[in-house]
Amino acid sequence: MAELPKHYDPKSIEDKWYRKWMEEGRFHGESSDGGDPYCIVIPPPNVTGILHMGHALNNSIQDVLTRVARMQGKNTVWVPGTDHAGIATQNVVERQLKKEGLTRDDLGREKFVERVWDWKKTYGDTIVNQLKKLGSSCDWERERFTMDEGLSESVLEMFCRLYDKGLIYRGNYIINWCPRCQTALSDEESEHIDVEGALYHLRYAVKGSKQKIVVATTRPETMLGDTAVAVNPRDERYKDLIGKTIILPLLNREIPVIADDYVDPEFGTGLVKVTPAHDPNDFEMGQRHNLPQINVMTDSGIMNEEAGPYQGMDRFECRKQLMEDLKTGGLVEKVDKHHHAVGHCYRCDTVVEPRLSPQWFVKMKPLARPAIEAVQDGRIKFVPERWSKTYMEWMENIRDWCISRQIWWGHRIPVFYCDACDHEWAAKGTPEKCPKCESGNIRQDEDVLDTWFSSWLWPFSVFGWPEKSEDLKFYYPSKTLVTASEIIFFWVARMVMSGMEVMGDIPFDTVYIHGTVRDDQGRKMSKSLGNSIDPLTVIEKYSADALRFSLLMITATGQDVYLSDDKFEIGRNFGTKIWNAARFMQMHSEGFSVTNLAFDPEALSPDDQHILAKLNDAISGCNESLGRYRFNDATLAIYDFMWHSYCDWYLEYAKPILFGDDAERKTQTLRVMHYTFSTALRLLHPFMPFLTEELWTGMGYNSKHESIMVAPWPEKQSFETMEGLNIDRSVVDYVDAKHDLIRVGRTIRADYNLANKQKAVFYIRPTNDTYLEQMAADKDSLLSLLKAESIDVDTGFTPDGAMPSGISKLGTIYMSIEGLVDVDAEINKLAGELDQVVKHLENVRKKLANENFTSRAPAEVVAQQEKQQEDLIDKAEKLKKMIDMLNG
């Protein structure tokens with residue numbers, strides 16, 4: 001047993017143990033070893049990312065699950081990896097180029113992609129190294145990247161399969177377009193944000209008459225692409241307009257009035273401008289009425305030649321100028337404030353422009369049906385269960401997925417065109433000629449696939465699919481997917497669909513959705529608000545163990561996490577408490593062998609039985625909570641046991657024994673202590689891996705299991721079979737009640753300001769004869785814990801004079817103050833305290849009676865004063881009782 005230093009230094013210890021675990025291959029699993037497989041696949045963070053608190057929470061949860069499974073003897077694999085993050089990574093490299101005065105077009109596609117790979121080689125391991133700093137026990141030998149050779153093969157295979165089945169098609173549809181990133185976005189990548197905009201009411205002239213109609217729009221610049229005005233066929237106001245011709249203001253283009261059920265007569269004026277190239281609903285109307293499609297913008301959001309005099313203007317600059325021109329022409333009826341949701345690019349926050357564009361799509365409805373059934377029949381379970389409703393609603397209303405992106409970094413779409421015979425086909429390789437006419441005049445599609453197209457294959461592509469590897473057969477499907485709610489649509493649902501499509505089986509059986517990490521004011525952490533807490537700073541200041549334990553202790557199932565820097569003191573203080581307990585045990589374990597912890601079951605004291613029962617309760621509570629994904633309850637069970645049951649009570653009980661001369665009793669107590677502590681360390685290990693590994697070795701518990709990582713996970717035992725013991729529940733209940741008695745006795749001591757060294761005489765009047773017998777047999781423990789000179793236990797005890805007392809579960813406890821307290825001086829002191837409390841109470845009452853204060857002060861300030869009033873009333877009552885008691 002190596003002597004533990006006085007202070008725990010997590011910096012040196014955490015690096016030391018992570019390096020050793022890696023060198024010894026502790027995180028690696030092999031399918032050839034057989035056994036019970038337990039696999040988790042990491043939600044691959046973006047290769048551009050740096051560790052934030054959301055990552056810290058997500059990966060701490062995954063690591064707990066993984067470490068528990070490993071200690072349970074399962075063949076455990078936690079597969080790590082990173083996502084190539086097409087748009088985000090391309091943006092990073094383009095910003096670098098901009099500083100050099102270059103654009104991607106200056107380099108050309110091939111050189112630009114090489115530049116991105118160079119960036120990835122230099123910076124791509126940043127978040128991986130940060131995950132290691134957190135203590136993540138990923139199987140790093142299996143680390144994957146969504147554009148590595150194997151995963152690229154999986155992407156090409158999936159695309160070609162779906163293409164050949166007719167589930168991938170190219171179409172000219174309205175898509176979400178980011179003018180900044182100059183690429184299409186899926187519906188899920190267009191984040192709708194509520195903004196205060198305007199509803200512009202514009203006058204359009206009816207051809208051949210002086211009549212003007214009023215249409216309402218939120219995007220007046222798109223009127224330049226109008227090809228019709230629509231009314232509801234049942235709207236009596238406009239029946240005579242249907243079929244007439246409208247003169248489009250400013251451009252003087254003639255457009256028809258059409259009737260369509262889509263038009264809401266209650267919105268605006270009931271007249272709607274139709275712009276098929278710039279609105280998804282207008283596009284559908286245009287298809288029904290065979291309207292022309294006029295695109296008035298370039299890829300970068302600049303007005304094009306179709307915009308007439310506004311060509312070359314930015315779309316928002318055009319809006320401003322166009323409205324000025326309309327006002328000059330008397331063509332603006334009114335402009336109303338209008339709150340509405342506007343799509344923004346999820347990567348750069350640019351306002352998304354709906355526009356007509358040829359894109360590649362996946363038909364989702366055929367893929368969705370098996371994925372819906374997998375949740376309906378319970379094969380996949382969401383925790384919390386409410387998220388299954390969110391999943392189902394989206395799946396049942398699913399739209400086709402736009403998978404093409406107009407960027408260069410990513411998996412290039414494997415579709416080829418023959419310019420000689422117009423043949424189109426998908427192929428995994430790089431064909432040299434057309435398979436139909438054998439011409440060499442062929443070219444590949446310029447677009448790349450949406451990043452999520454590689455991510456949705458993650459649970460099986462990481463194991464080599466489409467190859468039917470032994471790893472794939474053994475580890476698929478995985479167990480629990482741990483993720484956040486915002487990617488249920490992006491990733492979770494799509495993985496279920498792809499897994500059912502190509503593997504014929506679910507990719508995981510449980511989806512645990514954790515909450516969002518927020519600051520202590522409830523705001524989402526972000527750079528713009530300046531309220532982010534850097535996990536690496538926390539690790540540097542408090543330790544990785546403190547970060548993990550604190551995060552998990554305040555994380556209720558599926559609820560958001562409210563965080564401030566001081567919350568991490570929970571984990572740090574807990575680690576310090578455990579370290580100090582271990583050092584205390586070492587001080588008294590000289591010559592003691594921790595390899596033999598077989599204590600005598602017949603010689604167990606009440607406190608021995610109590611701590612073993614409480615250990616069993618902690619094991620039970622932790623396991624039950626982990627089974628329900630209640631990580632805060634699991635940590636609380638361990639925390640309460642180790643801090644209170646073990647350190648506060650059992651170690652205090654053991655001190656007189658360890659300092660005493662009874663060698664046999666000392667050995668018995670040390671065996672119970674080390675058995676309990678070593679078991680508790682195993683229970684704590686998944687939450688605080690570094691501290692527990694250091695203590696496992698430092699305390700000498702590693703003779704049988706060299707690393708705590710592979711020591712057996714504690715399981716609850718019944719009292720009848722617990723190591724062959726027969727724990728008496730009534731004895732355990734007695735010790736619980738004894739602790740209550742001790743608390744009451746210590747409160748009385750504190751009330752009279754007795755120093756620790758001062759010994760007091762106590763009298764106890766037990767509530768029954770059973771307690772009388774138990775306390776009489778347990779008097780040595782009571783004397784020590786109460787720091788008593790003597791204790792008299794008597795069912796008929798009645799005090800002769802003034803004697804402070806308190807009621808406990810075991811009975812009434814009295815403390816003699818004779819010789820300890822100057823009664824007159826104590827009465828004067830207490831009277832002075834009472835006078836101060838009464839004055840303070842009067843001031844608080846006046847404040848609460850003041851309507852100006854209660855109506856104007858923040859609610860939390862008023863509540864604070866109300867709580868203070870209650871506390872002062874209680875304190876005054878207690879002081880009065882103490883004075884009355886001393887007066888006799």
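Reader: Is serine 781 buried or exposed?
Author: The model is predicted, and the value here is computed from it. Serine 781 has a relative accessible area of 8%. Buried means under 20%, so serine 781 counts as buried.

Reader: Which residues does serine 781 touch, not counting residues up to four places away in sequence?
Author: Serine 781 sits in helix α25, residues 779–786. Leaving out residues up to four places away in sequence, its contacts are Asp607, Tyr653 and Lys738.

Reader: How far apart in space are serine 781 and aspartate 299?
Author: In sequence, 482 residues separate serine 781 and aspartate 299. In space, taken C-alpha to C-alpha, the distance between the two is 82 Å.

Reader: Which side chain does the side chain of aspartate 139 join in a polar contact of 2.8 Å?
Author: Aspartate 139 lies in the loop between α6 (126–134) and β4 (144–145). Its relative accessibility is 1%, so aspartate 139 counts as buried. Among the residues that aspartate 139 touches are Phe27, Gly29 and Trp78. The 2.8 Å polar contact joins its side chain to that of histidine 28.

Reader: Is α10 roughly parallel or roughly perpendicular to α15?
Author: The axes of helix α10 (residues 365–376) and helix α15 (residues 488–502) come within 8 Å and cross at roughly 95 degrees. Angles of 65 to 115 degrees fall in one class, which makes α10, relative to α15, roughly perpendicular.

Note on methods. Residues numbered from 1 in each chain as written. Predicted model: local features only at pLDDT ≥ 70, side-chain atom pairs only at ≥ 80, totals over all residues. Heavy atoms only, no water. Helix = DSSP H or I, 4+ residues; strand = E, 2+ residues; numbered from the N terminus. Buried < 20%, exposed > 50% of the residue type's maximum accessible area, 1.4 Å probe, protein only. Polar contact = N/O pair within 3.5 Å; in protein donor to acceptor, adjacent residues only side chain to side chain. Contact = heavy atoms within 4.5 Å. Axes fitted to C-alpha atoms, helices over the stretch in contact; angles between N-to-C directions. Parallel < 35°, antiparallel > 145°, perpendicular 65-115°, else oblique.
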